[in-house]
Amino acid sequence: MSLLHQNQSVEVILNRFFVKELAQEDLTFYEYACRPNPLPEPGEEQKAIAKVCNRLGVIDVRLVSRIITRERVSPSQLKTPEWELEECGLRDLTCANAQERSALESFERKGIESRLRSLYTKTAVESIGGGLLWWITAQEGVELSGDGWEIHRARRIDVAVEPDGKLYLEVDIHHRLYTPWTLHEWLENYPDIPIKWVRNTYGKRETWEYLGIFSNQSPREIQLPELKISLAEYHLQKYNAPREDVESSWVVEVASKQRCFPHLSRRLSPVLTLETLASLEDNKGFGSKVIDRVIKHVRKSLKERLQESEKTVKTIIENVYNLPKVEIEPLKAQGYILPKPKLLGSDRRQVQNPARVRYQGCAKVGETKFGCLNLYDNRREYPSEVRKCLLEVAQKSGVEVELGFYATQQDLPEGDLARKRFWQRWAEQGIKTVLVIMPWSPNERKQKIRMEALAAGIATQFMIPGADPYKALNVVLGLLCKAAWQPVLLEPLDHPELN
């Protein structure tokens with residue numbers, strides 16, 4: 001008998017609620033073949049078809065290389081300069097097919113989103129990660145706030161269609177940390193609190209990596225060569241931005257996966273995290289009061305979460321699906337309490353926690369050459385606690401590490417080309433991971449060093465000077481993980497129920 005069967009099963013309450021069984025009319029769709037214009041490159045066909053969806057005036061989804069919808073597409077939308085559609089007739093989907101079941105879920109999700117938008121104008125619906133966030137807007141949606149930050153509440157909604165044709169809603173409470181400030185206001189109030197991500201304050205709320213101040217020049221002085229206009233003109237003409245916002249902005253630099261480009265500080269808003277609040281506490285001397293308040297507030301009991309979920313499901317069933325009033329109950333299932341997981345270190349020996357690898361060794365070793373860039377006091381050495389810890393972890397892991405590669409602020413040149421050569425020289429010596437010691441600095445300086453090193457294939461681990469044994473271990477574990485070490489493994493559970 002397996003260990004799972006030895007343990008008594010327990011009843012588990014899920015945040016999943018039955019809506020209805022899909023009828024034949026729910027499974028019948030009009031099917032269209034789509035020919036985008038221009039024709040996409042090989043491998044880009046499905047992406048091109050997905051772009052056509054949502055532009056046809058009906059609720060539709062992509063199903064492999066076709067588009068399906070429950071309403072006929074208007075004749076005026078069958079042929080445009082950007083696409084050509086051909087109706088292929090009616091198609092009956094089956095819930096037993098995984099691809100068709102996924103398309104049904106996407107369609108139901110879009111239908112819920114459309115109806116919520118039209119029925120509840122004082123709320124907002126956001127599509128995210130395959131699900132929906134139904135926001136309570138304005139001040140009613142703010143549950144907790146401080147100087148420059150707020151906690152907003154939403155209901156997270158998703159759809160599940162089972163192979164037997166049953167439709168379920170999955171609903172839970174969702175919280176998001178938000179700032180009502182623009183990036184400009186944040187930098188004015190908290191210049192020493194780093195921001196890693198920003199998003200547009202207008203139009204499509206795209207998110208970018210924040211790299212720092214781009215230039216001291218005004219937006220009118222920054223030219224966009226590919227468009228032959230200034231950054232100011234671009235925002236004024238394309239987005240009808242308020243002139244005051246444009247002309248009073250700082251020019252900052254942001255990055256997507258493809259490129260870096262200039263943006264405006266008053267046209268961006270910071271993306272806040274709990275790490276941001278922790279930095280805010282450290283900077284303002286608040287201790288852990290803010291973090292404790294936030295965590296206590298968002299950590300709702302199961303009873304509170306289910307009560308909120310039931311209200312939302314009731315609203316959707318009655319007003320979106322127009323079904324009769326029924327008693328709303330969460331789905332229940334039988335579960336088993338799994339045995340406590342075991343962490344394994346060197347030689348697959350059990351460790352109590354990752355910190356114990358200092359004395360028992362890592363589960364997997366990686367790079368063994370490490371560089372040290374000291375931008376604090378120009379000493380060509382590691383902080384003593386960090387060096388001691390690193391050598392001890394390596395020895396317990398059965399390997400020797402090479403630590404004789406040092407550089408200081410005096411070795412780091414100013415010019416871009418010279419800095420590129422600096423990093424390349426280390427890469428040529430087989431160094432792929434570098435510890436950077438530097439005092440608290442603006443985020444853009446760290447980002448510049450990080451990007452320069454990455455261009456040479458080198459990962460960086462930053463630390464602020466001063467390290468007790470606990471902090472030294474955290475720095476060392478971060479450094480080792482970036483050097484492809486794995487401190488611990490999770491022992492797999494060998495049970496038939498988990499296969």
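**Briefing: sheets, helices and a surface patch**

In strand E4, arginine 66 is the bridge partner of alanine 33. The model is predicted.

**The five-stranded sheet**
- Strand E2 (residues 28-36) and strand E4 (residues 66-69) are joined by four bridges. The two strands run antiparallel.
- Both belong to an open sheet of five strands, in the order E3-E4-E2-E6-E5. Pairing in this sheet is antiparallel.
- Strand E3 (60-63) and strand E5 (79-80) form the edges. Each of these two pairs on one side only.

**Helices on the sheet**
- Helix H3 (residues 45-52) lies across E2, E3, E4 and strand E6 (83-92). Its direction runs at about 115° to E2.
- Helix H4 (residues 98-119) packs on the sheet and touches E2, E3, E4 and E6. The direction of H4 makes about 165° with that of E3.

**Nonpolar surface patch**
- Val10, Val12, Leu14 and Ile337 make up a nonpolar patch on the surface. Together they have about 280 Å² of accessible area.
- Isoleucine 337 sits in the loop between strand E19 (330-335) and strand E20 (343-344).
- Isoleucine 337 counts as exposed because its relative accessibility is 55%, and exposed means over 50%.

**A parallel pair**
- Strand E22 (residues 369-374) is mostly covered, with five of its six residues buried.
- E22 pairs with strand E23 (residues 402-408) in the parallel sense, over five bridges.
- Asparagine 374 stands opposite threonine 408 in E23.

Key: Residues are numbered from 1 along each chain as its sequence is written. This is a predicted model: local features need pLDDT of at least 70, side-chain atom pairs count only at pLDDT 80 or more; totals for chains, interfaces and linings use all residues. Side-chain values use heavy atoms; hydrogens and water are left out. Two strands pair if DSSP finds at least two bridges between them. Contact means heavy atoms within 4.5 Å. Axes are lines fitted to C-alpha atoms, for helices over the stretch in contact, and angles run from 0 to 180 degrees between N-to-C directions. Patches are made of residues with over 30% relative accessible area and no salt bridge: like charges are joined within 9 Å, nonpolar side chains (Val, Leu, Ile, Met, Phe, Trp, Tyr) within 5 Å. Accessible areas come from the Shrake-Rupley method with a 1.4 Å probe; for residues, only the protein chains shown count as cover. A salt bridge is a side-chain nitrogen of Lys or Arg within 4 Å of a carboxyl oxygen of Asp or Glu. Buried means under 20% relative accessible area, exposed over 50%, partly exposed in between (1.4 Å probe, protein chains only).
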